[in-house]
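Hi,

Here is the structure I promised to pass on. Please have a look at it first, and then read my notes below.

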Amino acid sequence: MKKIVGKTFLLAASLVALGACNSDDNVLKNDQVELDQTPITIQTGIYTKAYDTYWESGDAIGVYMFNPDTTAIINSQVNFKYVTAQNTELATFTGASSNQILYFPQDGSDIRLKAYYPYRSTLGSGDYEYTLDVSAQGTLQNIDLMTAVHTTRYNKDDANVRLHFYHRMSKLIFILEREDDSDTVDFTDCTLTIDGMYTGGVYEIFDNQFLDVYTGPASITVPQRTADGQETEAGDTRIAIVFPRPAASGVTFTFTTTSGDTYVAEMSEDLDLLTGNQYTFRIILSKNPVTVTADIEPWVDNEPEEYEAR
């Protein structure tokens with residue numbers, strides 16, 4: 001996926017279209033369900049995305065087909081891999097191979113779908129627990145968990161199934177600034193370490209919630225981003241994807257320059273990190289005491305918050 005973070009920190013919403021079907025009787029007799037030979041293709045967009053509103057060729061999602069009344073999986077159609085060959089906002093996804101294609105039930109019975117991104121082959125029948133480790137922040141798309149909630153019944157006679165993919169993590173953006181033009185603080189290769197946050201967790205895809213199973217807290221190193229879409233000089237932006245957490249004390253951001261200068265900011269103990277929200281911290285690194293202002297924004301909008309760090 002492409003990465004882009006504009007000054008507005010807004011990522012456009014788009015629709016996800018999926019199609020499929022089945023009924024109660026079909027679920028009770030899974031091995032007897034007769035499937036139509038019309039394959040299900042998936043048109044999908046993203047409510048918001050870590051890097052961009054565009055899918056990229058090779059992006060893959062996992063899809064589950066289930067009965068809308070019993071939530072039972074239909075015909076063992078679990079974690080089917082669907083991929084796109086397009087670079088576009090509204091991409092078409094198809095089965096990655098002949099045995100990864102979903103088909104509508106021939107009898108016209110209703111179905112629903114659940115989907116998630118990024119695809120993981122290790123999830124199987126009865127396994128809906130998606131494990132995440134955010135200690136490695138080098139490739140953000142690997143930890144930008146999104147799921148699609150399919151709330152409407154559909155069948156082969158009404159195949160235009162629509163749903164949204166939503167972010168399930170929180171995104172933090174750090175923009176480094178100088179106090180004035182005479183300041184000589186060098187942002188290049190400045191390291192950022194987040195302390196006091198969980199590094200591992202589990203998301204239950206079918207229930208759409210995080211399980212109360214976490215590892216850490218431990219340090220998270222956030223690398224420099226050089227192509228971040230900002231109208232600012234190279235080296236001044238850091239981006240991290242982390243687990244949502246309720247407001248609490250104990251989270252710090254430590255910046256260390258190549259010259260060995262260290263600046264520490266303590267995140268407000270009143271700040272909730274919410275699912276699908278984006279938080280922007282503008283940080284002034286200076287030879288004088290450090291000042292931090294924080295604009296809190298979801299991948300939609302939010303109000304600014306300010307605090308100081310030394």
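What follows is a walk through the sheets, the aromatic pairs and the pocket.

First, some housekeeping. This is a predicted model, in which local features need pLDDT of at least 70 and side-chain atom pairs count only at pLDDT 80 or more, while totals for chains, interfaces and linings use all residues. Residues are numbered from 1 along each chain as its sequence is written, and side-chain values use heavy atoms, with hydrogens and water left out.

Let me start with the strands. Strands here are DSSP runs (E, at least two residues), numbered from the N terminus, and two of them pair if DSSP finds at least two bridges between them. Strand β13 (residues 170-178) has seven of its nine residues buried, so it is largely enclosed by the rest of the structure; buried means under 20% relative accessible area with a 1.4 Å probe, protein chains only. β13 pairs with β18 (residues 237-242) in the antiparallel sense over six bridges, and Ile-173 has Ile-239 as its bridge partner there.

Next comes an open sheet of four strands, ordered β17-β14-β19-β20 with antiparallel pairing. β17 (218-222) and β20 (262-266) are at its edges with a single partner strand each, so one side of each has no neighbour in the sheet. On average, neighbouring strands of this sheet are turned by 20° against each other, direction ignored; the axes behind that angle are lines fitted to C-alpha atoms. Between β19 (residues 252-256) and β20 there are five bridges, and Phe-255 has Tyr-263 in β20 as its bridge partner.

There is also an open sheet of three strands, β9-β15-β16, again with antiparallel pairing. Its edge strands, β9 and β16, pair on one side only, and the twist averages 25° from one strand to the next. Five bridges link β9 and β15, with Glu-129 standing opposite Glu-204 in β15.

Now the rings. How many aromatic pairs does a search of the whole structure find? There are 15, counting rings of Phe, Tyr and Trp (its six-membered ring) whose centres lie within 6.5 Å, with planes under 30 degrees apart called stacked, over 60 edge-to-face and the rest tilted. Tyr-128 and Phe-206 have ring centres 4.8 Å apart and planes at 40°, so this pair is tilted. Tyr-128 sits in the loop between β8 (112-117) and β9 (129-133), and Phe-206 in the loop between β15 (200-204) and β16 (209-215), so the pair ties together parts 78 residues apart in sequence. Both Tyr-128 and Phe-206 are buried. Tyr-203 and Phe-210 make an edge-to-face pair, with 4.8 Å centre to centre and 85° between the planes. Tyr-203 is buried at a relative accessible area of 2%, and Phe-210 counts as buried at 18%. One aromatic cluster is formed by Tyr-64, Phe-66, Tyr-116, Tyr-119, Tyr-128, Tyr-130 and Phe-206.

Last, the largest pocket has a volume of about 180 Å³. A pocket is an open set of points on a 1 Å grid over the protein atoms alone, where a 1.4 Å probe fits, with protein on both sides within 12 Å along at least five of seven lines; lining residues have an atom within 4 Å of a point. Its lining includes Met-197, Tyr-214, Phe-243 and Arg-245, and the lining residues divide into eight nonpolar, one polar and one charged.

Best wishes

Technical notes. Axes fitted to C-alpha atoms, helices over the stretch in contact; angles between N-to-C directions. Points joined across faces, edges and corners; volume = space filled by probe spheres on them. Nonpolar A, V, L, I, M, F, W, Y, C, P; charged D, E, K, R; others polar. Buried < 20%, exposed > 50% of the residue type's maximum accessible area, 1.4 Å probe, protein only.
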